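Hi,

Here is the structure I promised to pass on. Have a look at it first, and my notes follow below.

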Amino acid sequence: MALTREQMAQRVARELEDGFYVNLGIGIPTLVANYIPGGIDVMLQSENGLLGMGRYPTEDELDPDMINAGKETVTARPGAAIFSSAESFAMIRGGHVDLTVLGAFEVDQNGNIASWMIPGKLIKGMGGAMDLVAGAENIICTMTHASKHGESKLLESCSLPLTGAGCINRVLTDLAYLEIENGTFILKERAPGISVEEIIEKTAGKLIVPDHVPEMTFDV
Amino acid sequence: MAGFDKRVYSYEDAMDGIESGMTVIAGGFGLCGIPENLIAEIKRRRVKDLTVYSNNCGVDGFGLGLLLEDRQISRIFASYVGENALFERQMLNDEIEVVLTPQGTLAEKMRAGGAGIPAFYTATGYGTPIGEGKEVREFNGRHYILEESVVGDFAIVKGWKADRYGNVVYRDTAQNFNPMAATAGRITVVEVEEIVEPGELKPDQIHTPGIYVDRIIQGTFEKRIEKRTVHQG
């Protein structure tokens, strides 16, 4: 079975380490916050200018001055810091954020990512995504492996306008966990019940398949 | 003493001197920390052909969305737009020129502009449509594009508290783009929730020192919430 959104978030959460500053994008990446492993502490960075994002507010705590990068009302956890957008992107571009998780339309074997613009469709903008991919050394891209019509999103070369060039080295799809190195995808893990053959078939870019590809396991 | 007293007492005085064709830099992220009354005053004055630098363009009927109703904005530099139907329509009809600008680059354009730095190199956007036509340089094996900074004819800013000298503090994430915007206006106007006596704000807690600020006005704010998300249970 392909991974659910929640399972994808769970799998990404295993990459979190104690003491990490983490920026989570909108969509599946946001769900990662629900699966932070017990016994470790991470600080969530929200690029509008908040380090140490907490949970959503109760009705009593609701405050229009307290939002996250998705413009949702949030709280700050104890030990949080709030600052300007310039300061926030200094952290991001300066490589101070330990892990960035974001979604994409396409990723290619050279680590290029396209995530903000589909020509001919309404273009709303890149927000902070271009700064995030340019600044982070450690990025996990979450996406479905193929479109609804079965077309691969892991390509030899992105077809859509790029968000960043040569900046992605890890991808989690609903079918597999892969790394990108020296111009090729490397299959590291597969979703439970998904065959290596199916992943090969749905990966258009160059793919290295090791002899043993472990299956992911989930508690729930 | 009056030389440092930046207070004005009407929004008409606050935006005195704004004219058609000017460049306006606005603080705010989404609807959070936007100078909502200064924007409303720009609407009332019906000035046209404005170039606006702002992360977003408000929503229908509120924030910068108000300035779309009479087509007062001809060009906007923003990182994320189109949350409003009117904006979408004007963008699709080429009635407004949209220069999509990465969020960090937009913030740095304001910061650098206010700091007297005319341009800066950033890796953001290299190899993407944003980098096309821009100067590229390599530093330590990485590619960077040259981005120009901005100084506006006006900067419009929303603070929390200020004193009459124009020292400003912001509240929570309503800070966002406001401190950079405040540095980057030839005329910087700050509207705040409360004007306090000099000395009430701790000098080492000031976000925007008064030297950047030309006018201060106390207002009342609607503070609309764009996405109301609450914790269940």
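In strand E11 of chain A, A:Leu178 is the bridge partner of A:Val171. On E10(A), A:Val171 also has A:Cys141 standing opposite. Strands here are DSSP runs of E, at least two residues long, and helices are runs of H or I of at least four, both numbered from the N terminus. E10(A) (residues 170-173) runs antiparallel to E11(A) (residues 176-181), with three bridges, and a hairpin of two residues links them. With E8(A) (residues 139-143), E10(A) runs parallel, joined by four bridges; strands count as paired if DSSP finds at least two bridges. Both faces of E10(A) are covered: A:Arg170 and A:Leu172 on one side, A:Val171 and A:Thr173 on the other, are all buried (under 20% relative accessible area, 1.4 Å probe, protein chains only).

Before the interface, some housekeeping. This is a predicted model, where local features need pLDDT of at least 70 and side-chain atom pairs 80 or more, while totals for chains, interfaces and linings use all residues. Residues count from 1 along each chain as written, chains are lettered from A and ligands numbered from 1 in written order, and side-chain values use heavy atoms, without hydrogens or water.

Now the two chains: 44 residues of chain A are in contact with 49 of chain B (heavy atoms within 4.5 Å). The rule finds five salt bridges across this interface (a Lys or Arg side-chain nitrogen within 4 Å of an Asp or Glu carboxyl oxygen). A:Asp63 and B:Arg171 meet in a salt bridge at 2.6 Å, N to O.

Cheers

Notes: Buried means under 20% relative accessible area, exposed over 50%, partly exposed in between (1.4 Å probe, protein chains only).
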